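I opened this entry to look up charged pairs and then the nonpolar core. The notes follow in the order I checked them.

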Amino acid sequence: MAQDLRRLFEEDRKKKYTLKSGHEKRFENRLDQAFTIQPKKKRNWLWMAASVVAVLAVGIFGYRHSTGSMEQAKVPAPAGENAIAQKESISLGDLSPDLKQVEDYYVVNINMALSELEVSGDTKALADDYMKRLGELNREYIDLNTELNEIGPNDQTITVLIKNLQLRLQLLQKLKVKLKEFKSNQNEEDASSISI
């Protein structure tokens with residue numbers, strides 16, 4: 001049972017092993033079958049169809065955007081005020097995508113500030129004064145839009161439209177601060193009257 005491994009290896013080295021004839025050829029054939037790269041079928045028609053669909057989609061979107069059939073940005077009316085009806089016309093957002101983003105930013109923030117106002121009976125007079133000024137700014141904005149349509153877009157009109165939106169947002173932010181100050185002063189007065 002116990003055999004010397006060195007002796008077994010030496011005997012094995014002396015033996016001559018030969019491969020069957022054609023072994024190399026069969027091995028190469030198997031390798032070729034397993035690793036050949038199949039040529040891809042040309043699908044140029046698929047690429048062409050996809051590009052045509054993409055070009056049509058971009059064209060339709062561009063046409064709809066340039067004709068103004070997309071929904072126009074609305075100017076928010078202050079609470080308690082009826083905005084003057086606007087005719088189908090161009091607005092600040094119709095001039096360029098960047099101006100649309102600016103207009104949308106201010107309109108959304110103005111609407112959010114309006115929705116966050118907490119007006120009570122004590123602060124109604126203060127809020128009404130601010131809303132009156134906001135109504136005046138809204139009418140000025142509508143007049144500026146009319147001027148934009150009559151004269152055409154120019155840097156001065158665009159700048160004044162943006163300043164109008166900024167002023168409205170600042171006005172609402174000031175009102176919000178005043179209402180908070182009034183509320184905190186009222187809370188302090190209530191607390192001091194309770195402690196006396």
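I started in helix α5, where aspartate 104 and lysine 100 sit four residues apart, about one turn of the helix. The model is predicted. I found a salt bridge between aspartate 104 and lysine 100, with the closest N and O atoms 3.7 Å apart. Aspartate 104 is partly exposed at 29% relative accessibility, and lysine 100 is partly exposed at 25%.

Next I went to helix α6. Lysine 124 and aspartate 128 form a salt bridge there, at 3.4 Å from N to O. They are four residues apart in α6, so about one helical turn separates them. Lysine 124 has a relative accessible area of 47%, which counts as partly exposed. Aspartate 128 is also partly exposed, at 39%.

I read 30% relative accessible area for glutamate 136 and 32% for arginine 133. The structure holds five salt bridges.

Then I turned to the nonpolar side. How many residues does the largest nonpolar core have? I counted 24, and Leu92, Leu114, Leu117, Met131, Leu165 and Leu172 have the most contacts inside it. Helices α5 (97-116), α6 (124-151) and α7 (155-195) each supply at least two of its residues. The largest share, nine residues, comes from α7.

Last, I looked at leucine 172. Leaving out residues up to four places away in sequence, leucine 172 touches Ile110, Ala113, Leu114, Leu117, Met131 and Leu134.

Technical notes. Residues are numbered from 1 along each chain as its sequence is written. This is a predicted model: local features need pLDDT of at least 70, side-chain atom pairs count only at pLDDT 80 or more; totals for chains, interfaces and linings use all residues. Side-chain values use heavy atoms; hydrogens and water are left out. A nonpolar core is a set of buried Ala, Val, Leu, Ile, Met, Phe, Trp, Tyr and Cys residues joined through side-chain atoms within 4.5 Å. Buried means under 20% relative accessible area, exposed over 50%, partly exposed in between (1.4 Å probe, protein chains only). Contact means heavy atoms within 4.5 Å. A salt bridge is a side-chain nitrogen of Lys or Arg within 4 Å of a carboxyl oxygen of Asp or Glu.
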